[in-house]
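Please walk through this structure with the text below, keeping the sequence and the model side by side.

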Amino acid sequence: MDKNISRRSVLKILAAGVVATGVSGCKNTLGAATSTITTGTKPHRDNWHKTHNRVWLGKQYWANPMEDWRVVNGAAECITRGGNRSVHSLTHQIAHLDQAFTMSVQVSRLEQNSKDGGAGIRLGAKSELNEYRSNCFIQEGYDLGIKNNHLVLGNNTTPLVTPIDNHEITLSLTGTPQSGAMALELVASLSTSGSIIGTLTHLVPASELLGNVALVSNFSIASVTSQNVREDKLGARYKFSNWSMQGEAFSVIDEQKFGPILWTMYSLSDTLSDEGFVMKLSAYTGPIGEQDNQQVELQVQRNNQWVSIDTQIIDHDGWLATFRIINWDETQDTPFRVVYREKHTDGTETPDIYSGNIKANPSGNKLRMAALTCQNDYGFPYEPVAQNVKKLHPDLVFFSGDQIYESHGGFGVIRTPDNLAILNYLRKFYQFGWSFKEVMRNQPTICLPDDHDVLQGNLWGEGGATMKNISKDPSASVLGGYIDSTRVINMVHKTTLNHHPDSYDPTPTNGISTYFSNMLYGGVGFAILADRQWKSGPERINVAVGETGQNENPLFYNPAFNPLGLDLLGKRQEDFLEKWSKDWRGHNLKAVLSQTVFAAISTHQPLPDRFLKYDFDSSGWPASARNRAIDAMRDSMALHICGDTHLGSLSQYGVNQQRDSNWAFCTPAISAGWPRWWKPDSMNMPHQNRPAHGLAETGEYKDTFGNKIYVYAVGNPEVGKSNNRYVKAHEKGSGFGFITFDSQKRTYTMDAYKFLVDVADGKASNQYPGWPVTIHQQENKGNNILG
């Protein structure tokens, strides 16, 4: 079916009563299914014995790291000899310590090494939250299995009667509750004959076993990235099969499965053309195999029946299928579902259904948008933020970048070869979808890639140039250009941007796809920009990032750092902004969405007593290019909405004079990593016209690049010290933003919520000092009311 299917064609299908077949039932669930918690009375066994060879182990498992695991001939095989490689069950956790359980798995050693880290089962893998997703990344627990021809049960070992060699070993574990403890018995036997070759028992405090259960390859060796590792840091290589578990000690929640459809993102936009409203939706799957089903189907519900409207092939550079439907009926909510039929080696198939709702284009005067940025994974899975956004029921969700960081999930960054680099990126990206899939299920989502999304510490894109002298900058933090290959960067763009409205000018830059575009939704026009792709690199002015300027007077504006010829947005985006700013068809409010604020609103980082004069990563530099960008969008009277800095701020740009241009709402980070503070008063930076609220560190300033800025509110953090990830995120100034567009009053109301609050209780303390704030559209052109 043509991917540009029209509304007329859909109506013809519906009129003919052509109902989607092959998937039973018509029931629609617009959100996630309500969790049904049971105990493990029924035996559970892995499905690998009838799974095609592939990377993705299946919906019931999380592999650490994904790129090091494969389903091979019916077993889960670790393809490296690295330490602490694990496979966690997503559905089964030990929770009922007064109940018994059994577990077994078959283990084979595929490669020997002088150092053997062992292989077997891990119990009690839990974070301080003891939440199943966060538990998946804990690399410790109660380990048991085989190692160096010994049977291991916690700290107890015994020699095996028969050397492991090439034998397949069955490990059988029984746990019996005993007065607040758990009596464990581990038996090793030869899988082919059933002959017992070792037995161990141990009485364990039952609380040590709470949490996730996992299979682990090289459980006694610390995890390091699998590339360029010294031999003494590596162990043996193992595979696992026939993993089974049973018992009322388990809490079993089937809804915790993740996949084959992992999540979806969609957009809806009025093209003001013959295509009308265009709905674009991306559905993400795990990395499937060549023998797996390669198609995903999109269905919509009409008259209580599901109708198939399109089928798309899964793109293996990102493992996603993207649908583009023209002339979408924007006047009503449309239940949708994407269907993937997973084929098995025995000829059977299992349908997987992911359902949601394509919202009607908001027809009232108000559009409500959640704005989020920067999710460092120490705060994963960010449940307070995800739940608060759901409670607010936004019409639109905006992620402004840094959906991932290089550190996500551990195990390092892989740059080459491309196929492994893609998998390395994807398993980090999956943590984003895993956390926020319910936020994205039923409303349009805009999702921008920033520097960490392309696995760089900083990004000065230089128009898509390839980074040079990589050996001088392995973390990709100080040089211009992209460190990864064009294929990998384009894959990142696909996964974050494929569902966006079509690019305004899709011409690639040095082979890298371009994505700046406009969207018209809910009576608001949005310009979607790429802050980094054309930005000039600091080597253009021969500076050392993080060092240059530290010996200068803080109030000295160095003209050497603002020569002619430097770029921020680049000419193509500047021209687009000028044209978009003057096009008011179909709307009377505008917003610019981009990665970061066009000013250096930060004085201290990463500690509150370390002044850093020049932050070249900020879009306050290059200053002249920053001014061109603001000049290009001033006529739009748009609110600039962005993130990146890990410091929530509300400011107004000045170019020719203070407060003559657009306001910018830089939202708090979801989970702030590298902390920044705005403390100009402590540096005796001169200011004027402090706002009426009288808060410190506010008013008219010049940043360290000489840019004019009016800072109305700022959410300075504390130093994060807590051992609890959510308390630490709260301390570090994390949270999210929320914007209400009122097209009748032509106002923008902005909220800046803290991380660990309940937005439903309405407390003023839920927000950072200075918020909420309402500004009028005309203030984005310097006709100021708020003071």
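Pro622 sits in the loop between β28 (589–596) and α7, where helices (H or I, at least four residues) and strands (E, at least two) are DSSP runs, numbered from the N terminus. A cis peptide bond joins Trp621 to Pro622, with omega at about 0°. This is a predicted model, in which local features need pLDDT of at least 70, side-chain atom pairs count only at pLDDT 80 or more, and totals for chains, interfaces and linings use all residues. Residues are numbered from 1 along each chain as its sequence is written, and side-chain values use heavy atoms, with hydrogens and water left out.

Another cis peptide bond links Thr416 and Pro417, and its omega is about -10°. Pro417 belongs to the loop between β24 (396–399) and α4. A further backbone feature is found at Ser179, which has a positive phi of about 50° although it is not a glycine. Ser179 lies in the loop between β11 (168–178) and β12 (181–190).

The next topic is helix packing. Two packed helices are described by the angle between their axes and the distance between the axes. Here axes are lines fitted to C-alpha atoms, for helices over the stretch in contact, and angles run from 0 to 180 degrees between N-to-C directions. Angles under 35 degrees count as roughly parallel, over 145 as roughly antiparallel, 65 to 115 as roughly perpendicular and the rest as oblique.

Helix α6 (residues 571–581) and helix α7 (residues 623–634) have axes that come within 7 Å and cross at roughly 25°. The two helices, α6 and α7, are therefore roughly parallel to each other. Their contact (heavy atoms within 4.5 Å) involves Glu574, Leu577, Glu578 and Ser581 of α6, together with Ala625, Arg628, Ala629, Ala632 and Met633 of α7. Five of the residues in the contact of α6 with α7 are nonpolar, one is polar and three are charged. In this scheme Ala, Val, Leu, Ile, Met, Phe, Trp, Tyr, Cys and Pro count as nonpolar, Asp, Glu, Lys and Arg as charged, and the others, Gly among them, as polar.

Helix α4 packs against helix α5 (residues 486–497) at an angle of about 30°, and the axes are 10 Å apart. So α4 and α5 are roughly parallel to each other. On the α4 side the contact is made by Asp418, Asn419, Ala421, Ile422, Tyr425, Leu426 and Phe429, and on the α5 side by Arg487, Val488, Met491, Val492, Thr495 and Thr496. The contact of α4 with α5 has eight nonpolar, three polar and two charged residues.

α4 also meets helix α3 (residues 383–392): their axes come within 9 Å and cross at roughly 5°. That makes α3 roughly parallel to α4. Val385, Ala386, Val389 and Lys390 of α3 touch Ser435, Phe436, Glu438 and Val439 of α4. By class, this contact of α3 with α4 has five nonpolar residues, one polar and two charged.

A cavity is a set of points, on a 1 Å grid over the protein atoms alone, where a 1.4 Å probe fits but cannot get out, and its lining residues have an atom within 4 Å of a point. Grid points are joined across faces, edges and corners, and a volume is the space filled by probe spheres set on the points. The count comes to three cavities of 30 Å³ or more, and the largest cavity holds about 110 Å³. Both β2 (61–64) and α4 (418–440) supply at least two residues each to the lining of the largest cavity, and β2 gives the largest share, three residues.

Note on methods
1 Å grid on protein atoms, 1.4 Å probe; cavity = no way out; pocket = protein on both sides within 12 Å on 5 of 7 lines; lining within 4 Å.
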